[in-house]
Amino acid sequence: MNYPFKKIEEKWQRKWLRKKIFQVKPQPQRKKYYLLEMFPYPSGKIHMGHVRNYSIGDVAARFKMMQGYNVLHPIGFDAFGQPAENAALKNKVHPQAWTMNCIDWMRRELKQMGFAYDWEREISTCLQEYYRWNQWIFLKMYEKGLVYKKEAVVNWCPDCETTLANEEVIDGKCWRCKNEVVQKDLEQWFIKITAYKQRLLEDLDKLKYWPERVITMQKNWLGKSEGVQIYFKLKQTQEIIPVFTTRQDTIFGATYLVLAPEHPLVKKIIKGNPQEKEVLEFIDKVSKESKILRLACGVKKEGIFTGSYAINPVNNEQIPIWVADYVLLEYGTGAIMAVPAHDQRDFLFAQEHNLPMRIVIQAPGSRIQTPNQMTEACEGPGIQVNSGQFDGLTNEQAKIKIAAWMEEVGIGKSQVYWRLRDWLISRQRYWGTPIPIVYCDRCGIVPVPEDDLPVKLPQKVKISGCGGSPLSYVDSFVRTKCPKCHSRARRETDTMATFIDSSWYFLRFCSPRFTQYPFDKQEVAYWMPVDQYIGGIEHAIMHLLYSRFFTKFLRDLGLLDFDEPFIRLLTQGMVLKDGEVMSKSRGNIVDPDPIIKKYGADTLRLYILFAAPPEVEMEWSQQNIEGAFRFLNRVWRMLTLIPKKSKSKTFNPGLEKRMHKTIKEVTRDLESFKLNTAISRIMELVNEIYQNLNTDITAAVKTVVILLAPIAPHLAEEMWLRLGHKESIFKTNWPKYEARFLEEEVITMVIQINGKLRSKIEVPVDINEDRLKEIVLADKKLKPWIQERPIKNFILVPKKLVNLVI
């Protein structure tokens, strides 16, 4: 018989909510466990990516509950953002109405999956009780000098009609709409995250339980580079052109200089040159390109000669000055020395434009003597050549000596540069947190007093899609009084980037109804840091870096007593269909609803957890979900196999041994998120039960139900009830294995060669023949007798002896 999953799942979802089984509060006498998945953007319906992410987290939450932890497992909605504004324009509905309808829909679907959330802690970032604290944190940063406004070249998405942070531009495209990004000059608000750069880098060493890949991505984005700033000079005026490099060992091989198109010196040195018009046209062309695309590997780099020359200070050589798209103003000094023999990017550029090369580092064992023999740049270590007094040194020795010499003679100095730039938070859209700033003709820029928070989003607003912030067209919002002099003033009409919302939400979950501060310090002191955080690798830079920054800032305010928000991090793989990531744009989304209606939520959970390890991509398979359904039905039928009187059948030591072994292995697998292997071991125990139906299987069946509870909770609850237990299975202690059942029985086997005793070995009683053969052939006592002679036959008398015929 098939188990009645629909009836069972609806029953237990109602019971869990009614009994508030997953609601928690601090209990100082109990160990806490804060399990959090990255909260969703309310786009309308959950998809398989959500199902996978939240199923992984739900297993961990329920498992820790059964281990006796006080488990906080909250959920909420990252509810501000451009998509709601786009949907409002398309569907002629207010962004708030659209968003709240989407939240209602997603909430129903999440509850339908049976996730063990404390729904009393639900938050939505678009509500005033949340975003007022975004504004409060902004004002605190403003007080500390960490928020400022300046005109800058920014990434502009013409489709979303808003600015984007560097991290939000991926392969030259908007991270949201995937359309091309251009450059634009605007006055914008920035947060000085660079003030925390050293701490953000150093504290990565504290994150012992984060994936190495994520640590590397954060280090690369922070981009600390130690090198030398070298003082080249403009030939015609002797004006210094500072150039930063981490490869001062290659300075004698610099054959041209390259300036960023935005470098302020460019327009100065081309004025009156024959190349002036062409260079200006090139600058205009590059200004329309994304900075990410300009730096991308595999993309042809373009440039143009300025007509001017620089002097290399180490040898007084005259070298041409070029402008190229692959140099950015914001990294280093916006100027680079090009060493094509020892930098692949420079090598390709020099080949393209017929620029000279010079070898100054000879690789060990290399026979290349001249640049025309080179097929690629030599970027590795070697011995200095053509480098004056530094010839013969290793290039690592030369780095130190050249840096010291440059400082001594005044042609350079040691310097540290970072890739990280301050965080652009201004957005020209309606659906976001209003920036709590007022502009007064008398007082200038004035922060809104804390007592006047929140600065509320006006409800009556026209979303036209015509550019600029919709708030700028709402007179009742814009017109206000200056908090200082009370004269007429106007409000800031940009809103905050939505990454502000997600940079501290994990703290709000600790006390979501607290009204005096963003969170209750006592509650946070109990629950934080998050013990296990789960989400996609696509958030490895932006969200995680900003969350770490906010945590450090709030600690500096005295509100927190820890540096890092997340102890452990798991980045789950994406869900694929036919080899491609599921997405609405590809039209390959698999809707969970029909799967749940046909097979049940437990089947979907089991399938998606069994299909692949959490960290890797998984391929959707309709066939395999049917296999998961068959397995749960097989587990359900075990209820009919348990004898009413357990004494009527004999006890089976072998089954008991397998049971304790499974408890040990599943526990270890769940601790390390090897969820697919945990399920596999449970399946093996179920097979063992079906092979021993002539014995008492009661204890083994109960063990299966408990071990399966975090994975298929509805089924496990119902089976536990029918096995005679009145309390929820999630109030039951996780089983412990008994070591005595795991002790392997060992036997002594005689080893003969051509019938004569040559050795004895001890092996497990249930060892297979292949493993036994490996052990026998590795026995050192046999080697003098075998030597190099081939073994003609391997004769085995099970549990007694092995005879090698040679």
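Modeller: Two strands are said to pair if DSSP finds at least two bridges between them. The model discussed here is predicted. With that criterion in mind, strand β23 (residues 479–481) is joined to β24 by 3 bridges, and the two run antiparallel. One of the residue pairs can be named: Lys481 has Arg488 in β24 as its bridge partner. Between β23 and β24 lie 6 residues, and the two strands form a hairpin. In the turn of this hairpin, His486 has a positive phi of about 65 degrees.

Strand β24 (residues 488–491) also pairs with strand β21 (residues 437–440). This pairing is again in the antiparallel sense and extends over 3 bridges. Here Ala489 in β24 is the residue that stands opposite Cys440.

For contrast, a contact between helices may be considered. Helix α18 (residues 601–610) packs against helix α21 (residues 675–690) at an angle of about 115 degrees, and their axes are 7 Å apart. Because of that angle, α18 counts as roughly perpendicular to α21. From α18, Leu606, Leu609 and Phe610 take part, and they meet Leu675, Asn676, Ile679, Ser680 and Met683 in α21. By class, this contact comprises 6 nonpolar and 2 polar residues, with no charged ones.

Terms used
Residues are numbered from 1 along each chain as its sequence is written. This is a predicted model: local features need pLDDT of at least 70, side-chain atom pairs count only at pLDDT 80 or more; totals for chains, interfaces and linings use all residues. Side-chain values use heavy atoms; hydrogens and water are left out. Helices (H or I, at least four residues) and strands (E, at least two) are DSSP runs, numbered from the N terminus. Axes are lines fitted to C-alpha atoms, for helices over the stretch in contact, and angles run from 0 to 180 degrees between N-to-C directions. Angles under 35 degrees count as roughly parallel, over 145 as roughly antiparallel, 65 to 115 as roughly perpendicular and the rest as oblique. Contact means heavy atoms within 4.5 Å. Ala, Val, Leu, Ile, Met, Phe, Trp, Tyr, Cys and Pro count as nonpolar, Asp, Glu, Lys and Arg as charged, and the others, Gly among them, as polar.
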